[in-house]
Amino acid sequence: MTSTAHDRLLIIDFGSQVTQLIARRLRELNVYCEIHPFQKVDAAFLAEFAPKAIIFSGGPDSVMRDGSPRPPQAAYDLGVPILGICYGQQVMMQDLGGRVEAGEHATAEFGRAFVAPTEASDPILKGWFQSDREQVWMSHGDHVAEIAPGFGVLGTSPGAPFAITADPERRFYAVQFHPEVHHTPNGQTLYRNFVELAGFKGDWTMGAYREEAIARIREQVGDAKVICGLSGGVDSSVAAALIHEAVGDQLTCVFVDHGLLRLNEAEEVVGMFRDHMNLHVIHAQEQDLFLGELDGQSDPETKRKIIGRLFIDVFQKYANDIEGAEFLAQGTLYPDVIESVSFSGGPSVTIKSHHNVGGLPEKMGLKLVEPLRELFKDEVRALGRELGLPDHFIGRHPFPGPGLAIRCPGEITREKLEILRKADAVYIDQIRKHGLYDEIWQAFCAILPVRTVGVMGDGRTYDYACALRAVTSVDGMTADYYPFSHDFLGETATRIINEVKGINRVTYDITSKPPGTIEWE
């Protein structure tokens, strides 16, 4: 908990799979919030955190079960507004004197539902019920059978007679549905009304965060030196730019070029940071090392492990030459932090990182600088714009740490990598020319480990086939293929075959995730 300069909203997590969406909706309203699992929140925590309002998330448990998750009584006693969502509504009713019943088929609701108003004048419903009902997304088995004393009913649905309840005197509100998901189209309005009722100023902006973060970095680092594994991805790039603004020449970036980058990528990344932003960047050209150890390897996991091991070895080799380095910078984001303190209390997940420096802080005796650990991905992009990074750079699609190695199924050769780089460049150029780049979460070309017969001119060819991949997604956890027009695909295939020597066949991958993955390996 570090953003003490802002009014703070606490989200108590009861295990919903969409709790992060609550936080993202609030951040979109310029409200600073943090998610903490219910078992971590007690009276002492609340006193230290000092929230201006609290939200109880949904969750998979039943309040009917002995030992089911509960907020501390201190949360109700703080005197701040509370909003309960789904399980959060049920636990609020149960705790405050209402009654919840176990779910039956007739009262369970899963999926789209419609809530009608019984009392639409409460300020929590400002902007709602412009017609006679609102579409919402329900996901509940148990239901509230009797509301707690002091509460009234503001809205009802066929399966939830107490779909929206409120105790305006205490500023306690509770809904049975999920306003954070896009299937509740007007859900953001409820959150806006709630934070207005709570008196939030809406002062959580990336301009303000930039100044606060710079001050914190300077205080943490002092006169010491910082090293940063610069991958060229958005997270490490924004972290490097922010730290450089804070401590200038005390920062050294190490860009490990493993020979598995896209066309001209190394030159673009190093050029932007070294020449245009005046950062000290070590361009570790280790293509021969990586490609040498990958020679003859075809198993995807083996390739990933080789690349991860070599990256750490190379990074450490160059970092050891930086005298006085005491800190290691990483582009850790808030979703990584949330997952590492899981609702279930299980072990921390491994943080996915393009620069693969996991374990290095302890091994090298370094302390961590993680200036983005309070931010979601969209906030990182906004901060990057504040720092002057060009839009075309910070808006780039995700690129995996192993690079083109996992877009080259089977054995990796220099010849195949060169063909792949050129084909991928043509494909991305096509997407940009047609104005589709920002509609797509991730797009790339994979070269297939087969050769096919073709005809060019009057001659026979025997060249590689490639697969184009483009997906839409919110967070990369699930994805669907992008519905290109046949004209686009035909035009792109023609360009690749005409402009890239070594490819004579182009396919388009229309597999969703699941069952497939976004990358090919």
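## A walk through the predicted fold

Helix 13 is followed by Gly 388, whose phi is positive, near 90°. Helices here are DSSP runs of H or I with at least four residues, strands are E runs of at least two, and both are numbered from the N terminus. The model is predicted, so local features need pLDDT of at least 70 and side-chain atom pairs count only at pLDDT 80 or more, while totals for chains, interfaces and linings use all residues. Residues are numbered from 1 along each chain as its sequence is written, and side-chain values use heavy atoms, with hydrogens and water left out.

Let us stay with helix 13 for a moment. It spans residues 377-386, and its buried residues are Glu 379, Val 380, Arg 381, Leu 383 and Gly 384. Buried means under 20% relative accessible area, exposed over 50% and partly exposed in between, with a 1.4 Å probe and protein chains only. These buried residues pack against helix 1 (19-28), helix 6, helix 7 and helix 14 (391-394).

The largest nonpolar core has 96 residues, and Leu 383 is listed with Leu 251, Phe 273, Leu 372, Tyr 427, Ile 431 and Phe 484 as having the most contacts inside it. Such a core is a set of buried Ala, Val, Leu, Ile, Met, Phe, Trp, Tyr and Cys residues joined through side-chain atoms within 4.5 Å. Helix 7 (residues 234-247) gives the most to this core, with nine residues. Apart from this core lies another, of 40 residues, among them Ile 22, Leu 125, Leu 154 and Leu 190. In soluble globular proteins, nonpolar side chains tend to be buried together.

Five strands form an open sheet in the order 14-13-12-15-16, with parallel pairing; two strands pair if DSSP finds at least two bridges between them. Strand 14 (280-285) and strand 16 (367-369) are the edge strands, each pairing on one side only. From one strand to the next, the twist averages 30°. Helix 6 (residues 206-221) packs on the sheet, touching strand 12 (225-229), strand 15 (325-329) and strand 16, and its direction makes about 165° with that of strand 16. Axes are lines fitted to C-alpha atoms, for helices over the stretch in contact, and angles run from 0 to 180 degrees between N-to-C directions.

How do helix 6 and helix 7 meet, and at what angle do their axes cross? The axes come within 9 Å and cross at roughly 65°. Helix 6 and helix 7 are therefore roughly perpendicular to each other, a label for angles of 65 to 115 degrees, whereas those under 35 count as roughly parallel, over 145 as roughly antiparallel and the rest as oblique. Among the residues that meet are Ile 214 and Ile 217 in helix 6 and Leu 242 and Ile 243 in helix 7. Ile 243 is also in contact with Leu 251, where contact means heavy atoms within 4.5 Å.

| Strand pair | Sense | Bridges |
|---|---|---|
| strand 13 (251-257) and strand 14 | parallel | six |
| strand 17 (442-456) and strand 18 | antiparallel | twelve |
| strand 18 and strand 20 (503-508) | parallel | five |
| strand 18 and strand 19 (480-481) | antiparallel | two |

Strand 18 (residues 459-472) is mostly covered, with ten of its 14 residues buried. Within it, Ala 467 stands opposite Ala 446, and Cys 466 stands opposite Val 506 in strand 20. The hairpin of strand 17 and strand 18 has two residues between the strands, and Gly 457 there takes a positive phi near 65°.

Methods
Lists of a residue's contacts leave out its neighbours within four places in sequence.
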